[in-house]
Amino acid sequence: MKTKTYLFSLAFLFALSFTVTTACSDDDNDEMELQKDNDNDDNLDNDNDDNSDNDNDDNLEPELVCEELYCNRDGYKIYGKMYRKVSEGSKAPCVILSHSSSLTHAAMAGYADSIAEKGMSAYCFDFCGGSSESQSDGSTDEMTVFTEVDDLKAVLETVKKLPYVDADSIFLLGSSQGGLVSALTAEDVASDIRGMILFYPAFNIPELVKMFSGFGGGFGGTGGFGGMVSTSEAFVESIKDFDVWSHIGGYAGPVLIIHGTNDFIVPISNSEKAVTIYPNASLVRIEGANHGFNNANLGGYGSMMGEYDDEVMPYVYSFLMPR
């Protein structure tokens, strides 16, 4: 029997990913051939030119690449993209980015690219069944917060074994539902996580589920913010009585929570409570921001809620790369 869907949170937008390449050229050789008569002076000049070219090669910025990378969870393929600067033989810290409800890796691609520009690697991926646009396996009827926790754990296991990743410096970054998933995952794999950044984490999902089920009179009723996102009966039944607050706070590593003061989906009071539960957490308030800091993470609401990444990202960089 086909599972009915339950409407609940935000929408999806476009993908942002690209590869930057760098090239150099050397046009001194022709001049060297034309000036052989002046042996002493010209040879000295040519040697200096060659040395200068070698110095330029050594100082070239590593190439920024975006590579498709699949992970596996219980036979389900998880699609994602790794952003990194290619530097042979070296390892770099890595950030694993988890998207909001009903979005895809595309919502986090801009953040991943920006982080990779700073010299870290960054992996964003599609949760299995996370949306109808997901490139990972799985159905939206099967997806729950807890299947997404399992997805993130599988991603972590793959990423920490990559030859260019410093397995002792892996960070989680999650937005909204992806923030809750990151928080729950960190409780179970604390020793693998160097730190955690949460954007407007949806610690109130159980309350939202209960509220919207009242609007619709059951599964499939109209509720969550214009009916822009569908979640399954399995999702609702698995989370509606879950006590989030008793399942976070065990992670003792550094936690940075960034939250908009005008968030009407997940009020900032949720993050204010969370920082009192975590032993090593801080909260950054983004004045005027709503549930999302850019259009890619605000869906259809983006055009009227503004862009805040220029304000948000310096806090992210400072957390990931403290001086």
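Q: In strand 7, which residue is the bridge partner of phenylalanine 171?
A: In this predicted model, strand 6 covers residues 165-175 and strand 7 covers residues 195-199. The two strands run parallel and are joined by five bridges. In strand 7, phenylalanine 171 has as its bridge partner glycine 195.

Q: How many of the 11 residues of strand 6 are buried?
A: Strand 6 has bridges to strand 4 and also to strand 7. Strand 6 is mostly covered, and buried here stands for under 20% relative accessible area. Of its 11 residues, the number buried is eight.

Q: What is the hand of the β-α-β unit that strand 6, helix 5 and strand 7 make?
A: Strand 6 and strand 7 run parallel. Helix 5, residues 177-188, belongs to the unit together with these two strands. The β-α-β unit is right-handed.

Q: At roughly what angle do the axes of helix 4 and helix 5 cross?
A: Two packed helices are described by the distance between their axes and by the angle between them. The axes of helix 4 (residues 145-159) and helix 5 come within 9 Å. Helix 4 passes helix 5 in a right-handed crossing, and the axes cross at roughly 60 degrees.

Q: How many residues of the contact of helix 4 with helix 5 are nonpolar?
A: Helix 4 contributes residues including Phe146, Val149 and Leu152, and helix 5 contributes residues including Leu180, Val181 and Leu184. Three residues of the contact are polar and three are charged. The number of nonpolar residues is seven.

Notes. Residues are numbered from 1 along each chain as its sequence is written. This is a predicted model: local features need pLDDT of at least 70, side-chain atom pairs count only at pLDDT 80 or more; totals for chains, interfaces and linings use all residues. Side-chain values use heavy atoms; hydrogens and water are left out. Buried means under 20% relative accessible area, exposed over 50%, partly exposed in between (1.4 Å probe, protein chains only). Helices (H or I, at least four residues) and strands (E, at least two) are DSSP runs, numbered from the N terminus. Two strands pair if DSSP finds at least two bridges between them. A crossover is right-handed if, with the strands pointing away from the viewer, the path from the first strand over the helix to the second runs clockwise. Axes are lines fitted to C-alpha atoms, for helices over the stretch in contact, and angles run from 0 to 180 degrees between N-to-C directions. A crossing is left-handed if the near helix is turned anticlockwise from the far one by less than a right angle, and right-handed if clockwise. Contact means heavy atoms within 4.5 Å. Ala, Val, Leu, Ile, Met, Phe, Trp, Tyr, Cys and Pro count as nonpolar, Asp, Glu, Lys and Arg as charged, and the others, Gly among them, as polar.
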